[in-house]
Amino acid sequence: MDAINYKVNIRLINNVINVYITDVSAQDVEYAYYLYYYPNQKTAKKAITETKYMKCANFNYSINESGYYYVKCFVKHNESKYINDSDTVLYISNELRNEFENLMSKNLETKNTINEPIDYFKVPKPQNDFCLISSKQKIKKMRSFEKKCKKSSLEIKYIKNKKWNTENILIYDASGLQDGLNNNYIFSGYVWHDNDFIFGQSTIGEGINASTLYDCIGNFSLLNVENSQIKITTDYFGYSKVFYYESDDMLIVTNRYHLLLVILNYLKINCELDEDVVMVTFASNVTLLRQTFIDNLTVKNTYMLNLCDEIVVDESGWKFVKRSINSVLGSNQEFNPEYYAKLLDDAKNDIINNIQAVYNSHLFKDIVVDLSGGKDSRVNYAALTNIPKAREIFTIRSDVHEPKDLEIAIGINNIFNFNYYCNGETWYKNNTLDYIRKKRSYFCGYHYLWYLEEKHAYNLNKIRITGESFESLIVRYYSDTIRNLGLEDSTNEKLVEEYSTLLSKQAVINYSGVSSIFKKFLLNSIDNIPSETSSEAFDNLFLFYRGATHAGNLDRMYYSSAHCMPLQSKSLLIAKKLWINNFKENKIVFDLIDLLNPLIACLPFNSDKLNETKKRAFQTLNFSDARFKECTIKLDPNEDKWKRAREINDNNTKVILNKKDESMLKNLSDAPTIVIDNLLLGIQKLSRYKNEKYKETLCLPLYYYMQAEISDNDEIRILHNKICSILDCIDLINQN
């Protein structure tokens with residue numbers, strides 16, 4: 001007998017929850033309703049009332065306690081029973097509403113708050129900001145535009161070609177270019193090119209044609225003016241992002257979203273918020289929503305360039321062209337053991353060569369390799385053991401991030417005896433609010449996971465080799481959250497529906513009011529990712545958005561030196577396609593570590609979950625040396641060498657206080673208080689925007705969530721970052 005289909009709908013009217021059933025695919029059905037409640041994310045979701053089975057497909061509950069509610073509906077038909085959940089609704093009591101209204105009427109500007117629009121901050125080296133305007137019409141009032149750009153220290157170059165039917169203007173930051181706009185291209189970031197490591201435009205050799213950088217791995221964006229076209233593209237995996245505004249007559253493309261909004265403002269182009277994007281930003285704070293998960297951005301007609309696309313401007317105008325990764329992601333790959341083994345061997349060599357190239361560049365005095373108790377840094381470490389004289393070249397950095405992290409890392413390094421980094425850091429302690437302004441400028445509109453700094457260092461004589469970005473190529477991430485729902489062969493629509501129900505129980509605002517928007521956006525994103533299956537496309541949201549916006553911005557977030565991510569290989573992407581649709585458990589990372597160093601592959605991880613995953617996958621793993629298959633090694637936990645290095649490193653570290661900010665630093669509160677003060681001010685500002693249009697649907701729920709999660713610094717910080725991002729977009733589009 002076929003399963004019964006039905007939909008559980010929920011709505012909140014004052015203090016009454018109405019649940020009603022629609023789209024029932026059978027007759028003679030009975031329903032039982034269980035009402036669940038929880039006040040915050042850390043509290044268990046408990047059934048607070050339940051009914052017996054009844055014929056009625058509609059039921060009401062009266063409630064009086066602030067918090068989140070949903071209904072689990074049991075359906076009985078003949079001898080069969082089915083269960084479906086409604087979305088979550090958020091009820092806020094009159095008492096809390098009055099508290100909110102009272103607070104919103106006060107002056108919330110304090111010594112801790114940023115009370116004015118933020119400035120545009122340029123990115124650190126090796127990044128370079130650039131922007132291209134391509135217009136079908138002659139741009140008006142260019143003299144005023146040029147003056148504004150000059151005031152912001154932005155250079156302008158008119159790109160002329162008689163065959164083109166568009167006017168093309170390049171805006172760029174010349175400070176990052178040694179000889180101005182040499183060779184008619186702007187390169188921002190780093191790249192591995194023909195076994196060389198290039199860090200910033202100034203290190204590109206004179207004999208290198210910029211077009212040979214297309215589709216290389218690294219973390220870069222590139223604008224290249226050729227004879228017949230202008231191309232704007234990124235590294236192969238899209239870790240660097242490009243943003244654009246498009247209308248019928250104009251395209252504006254840039255590698256900074258803040259710069260895009262600045263240029264729109266300078267051109268006096270009228271813009272407005274995309275209300276659906278604003279609302280869906282606050283649907284939840286789960287990993288998927290700690291950055292954008294869609295191409296549409298906060299301001300209407302502005303977008304993040306799809307990972308599979310690049311932009312070309314030529315005599316026919318502008319167009320979006322598919323890159324080579326598009327065909328790889330969309331290919332059908334049947335598992336072949338020999339092909340899989342070859343791909344992993346290629347990936348092994350790629351990673352070793354990537355790390356070796358960093359040293360061969362001779363650009364850095366110190367090359368420091370992260371080592372934790374996890375999987376990603378272990379691959380880098382295993383690769384080191386394949387490089388001649390590695391102990392003389394590389395040093396190790398280990399710290400505590402998770403339980404057993406340091407214990408496992410020290411145990412591993414006690415076997416291979418690399419030196420720990422101990423040359424120290426030079427930190428600069430400035431106005432904390434200025435650090436926040438910079439982060440807001442860097443991540444405006446698309447990334448919300450950034451941390452506050454109370455001091456900063458950025459030493460370009462030192463580079464850290466990190467394991468960032470690797471997860472997008474070797475594990476199931478998003479699809480792992482739905483692995484027990486039987487969605488392996490489902491349609492995109494079915495997957496989105498099921499995931500939305502899960503997300504509902506981790507909502508920030510009233511989810512029933514935003515679920516249709518969320519599902520529309522998520523379905524569109526999954527549809528735009530070439531793949532064999534819906535779960536594969538869902539998983540690749542990590543590569544398209546999370547990996548790029550997080551791993552691709554490390555130098556702007558919290559790194560105290562240059563950094564690079566050598567765990568990149570085009571072969572790994574194909575290997576993941578072979579694996580993800582044919583094996584239940586993760587296996588690539590274990591197979592790859594074994595290829596790099598079978599002894600290291602025998603060592604335990606800091607995570608019980610990861611160790612259990614390896615056990616479950618054991619029979620499917622490849623072993624390069626059978627002697628290590630059943631091998632277990634007890635780690636030496638002696639910390640003496642690490643402690644000595646840490647002590648020397650501390651002695652070599654200094655903190656320099658910016659004297660002009662000394663009085664400000666003394667008056668500021670600690671970081672958590674600064675975040676809360678700015679969050680409250682942000683809620684107040686947003687509540688007053690456009691005749692209080694967001695006050696009830698967004699600001700009041702955000703105030704409730706802040707109070708409910710006040711002890712969770714991460715949740716409060718992400719909420720702060722999101723609301724600041726929205727406000728910064730409002731400030732920029734309202735300056736015309």
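Predicted model: local features only at pLDDT ≥ 70, side-chain atom pairs only at ≥ 80, totals over all residues.
**View 1. Strand β14 and its two antiparallel partners, β12 and β15.**
Strand β12, made of residues 185–193, is joined to β14 by seven bridges, and these two strands run antiparallel. Within this pairing, Tyr185 stands opposite Asn224 in β14. Strand β14 is also joined to β15 (residues 230–234), in this case by five bridges, and that pair runs antiparallel as well. Here Leu222 has Thr233 of β15 as its bridge partner, and a hairpin of four residues carries the chain from β14 to β15. Strands of a sheet pair through backbone hydrogen bonds, and they may do so either parallel or antiparallel.

**View 2. The two faces of strand β14.**
In a regular strand the side chains alternate between the two faces of the sheet. Are the residues of β14 (residues 218–225) mostly covered or mostly uncovered? The strand is mostly covered, since eight of its eight residues are buried. On one side lie Gly218, Phe220, Leu222 and Asn224, while Asn219, Ser221, Leu223 and Val225 lie on the other, and both faces are covered.

**View 3. An open sheet of six strands.**
The six strands of this sheet follow the order β10-β11-β9-β17-β16-β18, and their pairing is antiparallel. At the edges are β10 (155–159) and β18 (302–304), each of which pairs on one side only. From one strand to the next, the twist averages 20 degrees. Inside the sheet, β16 (residues 243–246) and β17 (residues 250–254) run antiparallel and are joined by four bridges, with Phe243 standing opposite Thr254 in β17.

**View 4. Tyr91 and the residues around it.**
Tyr91 belongs to strand β8, which covers residues 89–91. Its relative accessible area is 10%, and because buried means under 20%, Tyr91 counts as buried. Which residues are in contact with Tyr91, once its neighbours within four places in sequence are left aside? They are Leu12, Asn14, Asn15, Ile63, Asn64, Glu65, Ser66, Gly67 and Tyr69.

**View 5. Thr432 in helix α10.**
Thr432 is placed in helix α10, which spans residues 432–443. With a relative accessible area of 8%, Thr432 is buried. Between Thr432 and Glu155 there are 277 residues of separation in sequence, and their C-alpha atoms are 30 Å apart in space.

**View 6. The crossing of helices α23 and α24.**
Two packed helices are described by the angle between their axes and the distance between the axes. For α23 (residues 671–687) and α24 (residues 695–708), the axes come within 9 Å and cross at roughly 165 degrees. Angles over 145 degrees count as roughly antiparallel, and the two helices are therefore roughly antiparallel to each other. Their crossing is left-handed. From α23 the contact is made by Leu679, Leu680, Ile683, Leu686 and Ser687, and from α24 by Lys695, Leu698, Cys699, Leu702, Tyr703 and Met706.

Technical notes:
Residues numbered from 1 in each chain as written. Heavy atoms only, no water. Pairing = 2+ DSSP bridges. Axes fitted to C-alpha atoms, helices over the stretch in contact; angles between N-to-C directions. Buried < 20%, exposed > 50% of the residue type's maximum accessible area, 1.4 Å probe, protein only. Contact = heavy atoms within 4.5 Å. Parallel < 35°, antiparallel > 145°, perpendicular 65-115°, else oblique. Left-handed = near helix turned anticlockwise from the far one by under 90°.
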